[in-house]
Amino acid sequence: MSENITLTSIPGLLVGHATDPVNRTGCTAVLCPEGFTAGLDVRGHAPGTRETDSLGTTARVDEIHGLVLSGGSAFGLAAATGVVRWLTEQGRGLQTLCGRVPLVPAAVIFDLFYNQTLSKPDEAMGYEAALAASGAPVAMGNVGAGTGATSGKLAGFDRAMKTGLGSAGISYEELIVAAMVVLNPVGDVLDHENGKILAGVRSRDGGSIVGSMESLPEIQQLLNQPLITNTVLAVVATNAVLDKVQTTRVARMASAALGRCITPAHTIYDGDVVFSLSAKQGPKADESVVGALAAESLARAVKAGALAAESIPGCPAFKDMAR
């Protein structure tokens, strides 16, 4: 495989970030201007999404032209409008009788602990992310939609750890499968290779990682507090040609990675969403093979997102925690 082992190793996919370091929020645009087949799997119980109904297997349209992953909770869905505007200016989108209409589904995380503007990411940030999109290796860590991402919040936000955005890919002969993830779960982030906690609930003194399961007595006291403040967002993609049903199955298979890497996963406080993309032209491949590689790529992307994160005041990242 080439040097690029991130989501943009898939020909035809471009990724760009818009980052607000002051308010610690941002958005990430995944562009496929020529159109990719798309699927979706929603496992979390508190999702924030836009235009995802069109990804259902019974919907008539079978392609999209971009995706937006964003901070800002429901406010951040506005970033998709900026990506639509950029694609329109480029003459991209679904051909209709009245012109081309770009189809750009979106999903958001809750990062309002830091981002209290209640207005960002907005259309301008979405446009900025689209303008920055390229085929270069995906920048990771505290960028784009990962800027305000954290994990390990079941014992309270003051004991959380900083996570971010990660990406990874795998190639096998002509087949390429890759993933990108924004890590903002209520639970802990684990290393899929050895089960160790990379980012999770910290001890009361904040100096070590104890994890959600070690904090169950304290967690029980918090259950009456509003905790719908999380979500893991992911995109898996392949250069293989799959139809809409197959692409949706790949999203479902890839979601298994989150069960391996997040504990607890898919809670009622998370809005976990996995998008899947497949090329219109490329090699043929068995969807089970693609799904297995998508799950492995996503697990690697989760690890990359935890390792690339940078500490911010009051919220340390893995790289700065004592071993």
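Helices and strands are taken here as DSSP runs, a helix having at least four residues and a strand at least two, numbered from the N terminus. In this predicted model, Cys 315 belongs to the segment that follows α6. Its relative accessible area is 3%, so Cys 315 is buried. Leaving aside residues up to four places away in sequence, Cys 315 is in contact with Tyr 114, Thr 150, Ala 160, Met 161 and Lys 162. Between Cys 315 and Phe 157 the C-alpha to C-alpha distance is 9.0 Å, although 158 residues separate them in sequence.

The structure holds three aromatic pairs. In one of them, the ring centres of Phe 110 and Phe 113 lie 5.6 Å apart and the planes meet at 70°; because an angle over 60 degrees counts as edge-to-face, this pair is assigned to that class. Phe 113 has a relative accessibility of 31% and therefore counts as partly exposed. Tyr 114 and Phe 157 form another edge-to-face pair, with 5.5 Å from centre to centre and 65° between the planes. This pair joins distant parts of the chain, 43 residues apart: Tyr 114 is in the loop between β7 and α2, and Phe 157 is in the loop between β8 (150–151) and β9 (161–162).

Tyr 114, at 19%, counts as buried, whereas Phe 157, at 24%, counts as partly exposed. Together, Phe 110, Phe 113, Tyr 114 and Phe 157 make up one aromatic cluster. The ring of Tyr 114 also has the charged end of Arg 24 sitting over it, 5.7 Å from the ring centre.

Helix α1 spans residues 79–89, and its buried residues are Ala 79, Ala 80, Gly 82, Val 83, Val 84, Trp 86 and Leu 87. These buried residues pack against the helix α2 (123–132) and against the strands β2 (25–42), β3 (49–50), β4 (64–70) and β7 (106–108). Just beyond the end of α1, Gly 91 adopts a positive phi of about 75°.

The largest nonpolar core comprises 35 residues, of which Val 181, Val 236, Val 274 and Leu 298 touch the most other members. Two or more residues are contributed to this core by each of β10 (165–172), β11 (175–182), β13 (197–199), β14 (233–241), α4 (244–254), α5 (256–261) and α6 (287–308). Helix α6 gives the largest share, nine residues. For Leu 298, the contacts beyond four places in sequence are Ala 179, Val 181, Ala 234, Val 236, Ala 254, Ala 257, Leu 258 and Val 274. Another core, of 32 residues, lies apart from the largest one and includes Val 15, Ile 109, Ala 149 and Leu 233.

The volume of the largest cavity is about 40 Å³. Its lining is formed by Ala 38, Ser 54, Leu 55, Val 61, Asp 62, Glu 63, Ile 64, Leu 103 and Lys 244.

Notes:
Residues are numbered from 1 along each chain as its sequence is written. This is a predicted model: local features need pLDDT of at least 70, side-chain atom pairs count only at pLDDT 80 or more; totals for chains, interfaces and linings use all residues. Side-chain values use heavy atoms; hydrogens and water are left out. Buried means under 20% relative accessible area, exposed over 50%, partly exposed in between (1.4 Å probe, protein chains only). Contact means heavy atoms within 4.5 Å. Rings of Phe, Tyr and Trp (its six-membered ring) pair if their centres lie within 6.5 Å; planes under 30 degrees apart count as stacked, over 60 as edge-to-face and the rest as tilted. A charge sits over a ring if NZ of Lys or CZ of Arg is within 6 Å of the ring centre and within 35 degrees of the ring normal. A nonpolar core is a set of buried Ala, Val, Leu, Ile, Met, Phe, Trp, Tyr and Cys residues joined through side-chain atoms within 4.5 Å. On a 1 Å grid over the protein atoms alone, a cavity is a set of points where a 1.4 Å probe fits but cannot get out, and a pocket is an open set with protein on both sides within 12 Å along at least five of seven lines; lining residues have an atom within 4 Å of a point. Grid points are joined across faces, edges and corners, and a volume is the space filled by probe spheres set on the points.
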